[in-house]
Amino acid sequence: MARAQGCCLFDTAIGPCGIAWTESALAAVQLPEATPAGTLRRLLRYVGQEVRQGDPPGFVQAAIVRVQALLAGAKDDLADLPLDLEDVPEFHRRVYEITRAIPPGEVLTYGEVARRLGEPGAARAVGQALGKNPFAPVIPCHRVLAAGGKSGGFSAEGGANTKLRMLEIEGTRFGGEPGLFD
């Protein structure tokens, strides 16, 4: 569990997100749940119930502005935002590194991520790692689809519908072929 110093909620185009931080990195980022209280509860599962809400330091305020812009359609990959990955298992870190490199408006499949890891049979494990992503959308798990352009799982509130909405906001193109969420 990350050693967060504080957390807060912030408004975005898709609803209130949560963010927690350490002295020098983001400890967790949470997509909206059905209620702000639900968002906060889920955020605190990553960083501990004792973390108090407060005013974010400057680097976190800058990260919030960029997440807000991304969720409003800006083409920012957020790849330079500092993340506290100390308590993240090594396999998950590797999955997150590949996923974090997917630019806005583009997608990979779970199988493609597994092949880039050098573990072509690990598509299911990739999905499980992404299901535990404590940094959505900074680590853009919504940009990873199942084979054939199907949505696959998505652990955020609203599931595949939220995933589709985020991809639409980013202007993701799918080559005109049916399949995405059909």
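## Overall size and make-up

The radius of gyration is taken here over C-alpha atoms, and the globule rule is 2.2 Å times the number of residues to the power 0.38. For 182 residues, that rule puts a compact globule near 16 Å, and the protein agrees because its own radius of gyration is 16 Å. The C-alpha trace spans about 45 × 30 × 25 Å along its principal axes.

A word on the source: this is a predicted model, in which local features need pLDDT of at least 70 and side-chain atom pairs count only at pLDDT 80 or more, while totals for chains, interfaces and linings use all residues. Residues are numbered from 1 along each chain as its sequence is written, and side-chain values use heavy atoms, with hydrogens and water left out.

Six helices and five strands make up the secondary structure; helices (H or I, at least four residues) and strands (E, at least two) are DSSP runs, numbered from the N terminus. Reading along the sequence gives β-β-β-α-α-α-β-α-α-β-α. Of the 182 residues, 51% count as buried, where buried means under 20% relative accessible area, exposed means over 50%, and partly exposed lies in between (1.4 Å probe, protein chains only). Among contacts (heavy atoms within 4.5 Å) between residues at least 6 apart in sequence, 60% join residues at least 24 apart.

## The three-stranded sheet

Let's turn to the sheet. It is open and antiparallel, with three strands in the order β1-β2-β3; two strands pair if DSSP finds at least two bridges between them. β1 (6-10) and β3 (26-30) are the edge strands, each pairing on one side only. From one strand to the next, the twist averages 15°. Axes are lines fitted to C-alpha atoms, for helices over the stretch in contact, and angles run from 0 to 180 degrees between N-to-C directions.

β1 and β2 (residues 17-21) run antiparallel and are joined by five bridges. Gly-6 has Trp-21 of β2 as its bridge partner, and Phe-10 stands opposite Cys-17 in β2. The two strands form a hairpin with six residues between them, and Gly-15 in the turn has a positive phi of about 125°. Four of the five residues of β1 are buried, so this strand is largely enclosed by the rest of the structure.

## Helices on the sheet and beyond

Two helices pack on this sheet. Helix α1 (residues 36-47) touches β1, β2 and β3, and its direction makes about 145° with that of β3. Helix α2 (residues 58-70) also touches β1, β2 and β3, with its direction at about 155° to that of β2.

Elsewhere, the axes of α3 (residues 90-100) and α5 (residues 123-131) come within 9 Å and cross at roughly 85°. That makes α3 roughly perpendicular to α5, the class for angles of 65 to 115 degrees; angles under 35 count as roughly parallel, over 145 as roughly antiparallel, and the rest as oblique. Phe-91, His-92, Val-95, Tyr-96 and Thr-99 in α3 meet Ala-125, Val-126, Ala-129 and Leu-130 in α5. By class, this contact has seven nonpolar, two polar and no charged residues; Ala, Val, Leu, Ile, Met, Phe, Trp, Tyr, Cys and Pro count as nonpolar, Asp, Glu, Lys and Arg as charged, and the others, Gly among them, as polar.

## Backbone details in the loops

Two loop residues deserve a look. Leu-78, in the loop between α2 and α3, has a positive phi near 60° although it is not a glycine. Leu-78 counts as buried because its relative accessibility is 0%.

Pro-137 is found in the loop between α5 and β5 (144-145). A cis peptide bond joins Ala-136 to Pro-137, with omega about 5°.
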